[in-house]
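Reader: Got a model open here. Can you walk me through it?

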Amino acid sequence: MALRIGDDAPNFQVETTEGKIDFHEWLGDSWGVLYSHPADYTPVCTTELGRTAQLGDEFASRNTKVLAVSVDDLESHQGWIKDINETQNCEVNFPIIADPDRVVATAYDMIHPNASATATVRSVFFIGPDKKIKASITYPASTGRNFAEILRVIDSLQLTANFSVATPADWVQGQDVVITPAVKDEEIPGKFPKGHTVIKPYLRMTPQPDK
Ligand code: BEZ
């Protein structure tokens, strides 16, 4: 069954390129990004894994661990990592799950039979420290993911977990945010001392509270 926002992120124990992992234990108190790759030695996936490695400091600064999954085996992954490091000028330093039995792919509904009976689509699951699904994005195999968007979603999730705000269209760090409708007008000065603007009674903006 498809996983939805707010659902428990299924746990699993798997072999990865960094050793055996119990997913929930490995996450600890971190946020997590779990994302799928249709197969090893494929061009788009090679660029995506390279980009993830290049952005290692960005994920770390967001207290976020990244875990990739591909249905090929460990030996295949290890050989592929050498190619990724060579061609993408990076050092893959995060685990890639070997999922030949499609345990993770099935638990996270990453195989969409009307796209392919065997290969995963490009799923991205954002998982909170409480091990709940916070967001997900799905792309077809032919569309490489936008990692600026993945980092932006993490920023939004982490901000909105801590403040009564939501992030508007195309928001990025440092821009004004929306005060959620649950906040009463009279509560705004106490909750948002940096000030606010009422554009419409339902559209109230405030500077990003943690900047
Ligand atoms: C790729 O990663 O390049 C890819 C994988 C499956 C289908 C199309 C592209």
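Author: Start with a caveat on records: UniProt positions are given in the numbering used here, feature names are shortened, and annotations may be inferred rather than shown by experiment. UniProt, in an unreviewed entry, places the feature "active site" at Cys45. Also, this is a predicted model: local features need pLDDT of at least 70, side-chain atom pairs count only at pLDDT 80 or more, and totals for chains, interfaces and linings use all residues. Residues are numbered from 1 along each chain as its sequence is written, and side-chain values use heavy atoms, with hydrogens and water left out.

Reader: Where is Cys45, and is Cys45 buried or exposed?

Author: Cys45 is in helix H2 (helices are DSSP runs of H or I with at least four residues, strands are E runs of at least two, numbered from the N terminus). Cys45 has a relative accessible area of 0%, so Cys45 counts as buried. The cut-offs: buried is under 20%, exposed is over 50%, partly exposed is in between, with a 1.4 Å probe and protein chains only.

Reader: Which residues surround the ligand?

Author: Pro38, Thr42, Pro43, Val44, Cys45, Arg122 and Ala141. A residue counts if one of its heavy atoms lies within 4 Å. Helix H2 (residues 43-54) gives the most to that shell, with 3 residues. By class, the shell has 5 nonpolar, 1 polar and 1 charged.

Reader: How much of the ligand's accessible area does the protein cover?

Author: 70% of the 260 Å² that the ligand has on its own. Areas come from the Shrake-Rupley method with a 1.4 Å probe.

Reader: New topic. What is the phi of Asp109?

Author: Near 55 degrees, a positive value in a residue other than glycine. Asp109 sits in the loop between helix H5 (103-107) and strand E6 (122-127). Its relative accessibility is 30%, so Asp109 counts as partly exposed.

Reader: And Asp170, where is that?

Author: In the loop between strand E8 (165-166) and strand E9 (177-179). Asp170 has a positive phi of about 60 degrees and is not a glycine. At 65% relative accessibility, Asp170 counts as exposed.

Reader: Last one. Which domains are assigned?

Author: Domain 1 (7-146) and domain 2 (163-206). The bounds come from an automatic or database assignment. Their C-alpha centres lie 34 Å apart.

How values were computed: Nonpolar A, V, L, I, M, F, W, Y, C, P; charged D, E, K, R; others polar.
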